[in-house]
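Colleague: Hi! Could you walk me through this one while I have it open?

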Amino acid sequence: MLSKRSEKGLILSSVVIASMLFVYWLVYNPVKDIHASVPGMDNRPEQSESTEKILIGEGFDFFSEFTSSLTGKWTQFRGANSDNISKDNTKLISSWGAAPKIDWQVELGEGHAAPVVYNGKVYVLDYDEVKKADALRCFSLETGEELWRRWYRVHIKRNHGMSRTVPAINDKYLVTMGPRCHVMCTDPTTGEFLWGLDLVKDYMSEIPFWYTGQCPILDNNVVILAPGGKSLLIAVDCTTGKVLWETPNPDNWQMSHSSVMPMTLDGKKMWVYAAVGGIVGVAAEGDDAGQILWKTKEFSPSVVAPSPVVLKNGKIFMTAGYGAGSILFQVKKKGNAYEVETIQQFKPKDGVASEQQTPIVYKDRMFAILPKDAGGMRNRFVCCDPNDCTKIVWTSGTNDRFGLGPYIIADGKFFILKDDGTLTIAKASTEKFELLDKTKVLDGHDAWGPLVIVDGRLLMRDAKHLLCIDVRAN
């Protein structure tokens, strides 16, 4: 039998050993963050720089006068109708011939931001890595000559690219949102700075993991933004820069990489937004403008890049990457209120999903590139019936996979860009995948920025370059 002293010594030794083992476990088995499996989340962007004074729109560089006879327009992310289908009537090529006809190429700061086009001018929000500034750059669509640049200094750390948003434009206003949630409104003709808004400072927005991916929407002369934080959505009058309405955010949902999409149900116009926390429908007009009409928390992954796909009869499809899968739900009006009913919810291996790009709906079919976690179907371009997203009608097959690349429909054809810069033309068929031609256009990497086709020109980019390709048929 142990003495009292020996017993106390043994207990003390046991406590010391247990404490040492616990410290050892903490060092070599740190508590895992719930987002640890998502690349880049260990390098989350800074929310604020207390010593940094940002003067939105502070600088302007003028390079050249410009006139153009072109009248084509691509006015915002996914085009004027938010469907990513070009309405340009220009007849386009079906094969590349000897080689693609590249009209011009310019170097950009690392990122995935895509342009808008308006009457022969190309506008893209870039990041000037030398000047350390967000830079709205204006080019000639025909020659690629830079016409002017409006910029402001802001520190951005590289994190799988920096700028990644698409501006919104009309005759009077051009609105951009920078990587750290700085909104800038300028005159699209002269580049004159009109007003700016810091969503982090003014609305306590939380900068998304890979900086802002949300693209502003212009509705007449009002810009729609989704700050999260203090207000879920806001509407800003571009004429004055004043906020017209704010949507309450009782659940404290945060800004995602997704963009706001328009929807009309039973004659009621609303804005649909997939935040980090859930999906919401907000009244777009009338006495209740800015008020939440409906919401659902049934699909709320921590990373959301694609935007809501608005289907017929109040149906909405939403998807995300990193194993989140997809949801198909329906919004119905019941009396004076709305209710949400989930129709389907599934993982990537069980139906159509997407990690980065927003699917296209065309001729009552939905098209998407499956994510890398879709098993043997990974990265294939696929077609499905949007009323049953678990049943795939056709795929591009094992030999044609496209990574995270963008795609667009124009002149009855798909133009699909692979990560490595290979550009594919396929017939926009609902029956089968009909490859027409493909060619390597770029030798760069991460060719993820959305495509634009206007006036017979295709604008595409990789991480460091913007190209204009003449795709007009002879």
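This is a predicted model: local features need pLDDT of at least 70, side-chain atom pairs count only at pLDDT 80 or more; totals for chains, interfaces and linings use all residues.

Colleague: Good. With those classes, what does the lining of the largest pocket have?

Modeller: There are 14 nonpolar, 11 polar and 4 charged residues in that lining. The volume of the largest pocket is about 610 Å³. Of its 29 lining residues, Arg 164, His 257, Ala 305, Gln 356 and Trp 448 are the closest to the centre.

Colleague: And the second largest pocket, what volume does it have?

Modeller: About 410 Å³. It is lined by 23 residues, and Val 309, Val 310, Leu 311, Lys 312 and Val 361 lie nearest its centre. The elements giving two or more residues to this lining are S16, strand S20 (309-310) and strand S24 (360-362). By class, the lining of the second largest pocket has 10 nonpolar, 5 polar and 8 charged residues.

Colleague: Switching to salt bridges: how many are there in the whole structure?

Modeller: A search finds 24. One of them pairs Asp 251 with Lys 295, where the closest N and O atoms are 2.5 Å apart. Asp 251 sits in the loop between strand S15 (243-246) and strand S16 (261-265), while Lys 295 is in strand S19 (residues 292-296), so the pair ties together parts that are 44 residues apart in sequence.

Colleague: Are those two buried or partly exposed?

Modeller: Partly exposed: Asp 251 has 29% relative accessibility, and Lys 295 has a relative accessible area of 35%.

Colleague: Now the nonpolar side. Which residues have the most contacts inside the largest nonpolar core?

Modeller: Tyr 123, Leu 199, Ile 224 and Leu 233, in a core of 62 residues. Strand S13 (residues 222-225) gives the largest share of this core, 4 residues. Apart from it lies another core, of 35 residues, including Ile 425, Leu 451, Leu 458 and Leu 459.

Colleague: What is Leu 199 in contact with, leaving aside neighbours within four places in sequence?

Modeller: Its contacts are Met 177, Cys 181, Val 183, Met 204, Ser 205, Pro 227, Ile 234 and Met 255.

How values were computed: Residues are numbered from 1 along each chain as its sequence is written. Side-chain values use heavy atoms; hydrogens and water are left out. A salt bridge is a side-chain nitrogen of Lys or Arg within 4 Å of a carboxyl oxygen of Asp or Glu. Buried means under 20% relative accessible area, exposed over 50%, partly exposed in between (1.4 Å probe, protein chains only). A nonpolar core is a set of buried Ala, Val, Leu, Ile, Met, Phe, Trp, Tyr and Cys residues joined through side-chain atoms within 4.5 Å. Contact means heavy atoms within 4.5 Å. On a 1 Å grid over the protein atoms alone, a cavity is a set of points where a 1.4 Å probe fits but cannot get out, and a pocket is an open set with protein on both sides within 12 Å along at least five of seven lines; lining residues have an atom within 4 Å of a point. Grid points are joined across faces, edges and corners, and a volume is the space filled by probe spheres set on the points. Ala, Val, Leu, Ile, Met, Phe, Trp, Tyr, Cys and Pro count as nonpolar, Asp, Glu, Lys and Arg as charged, and the others, Gly among them, as polar.
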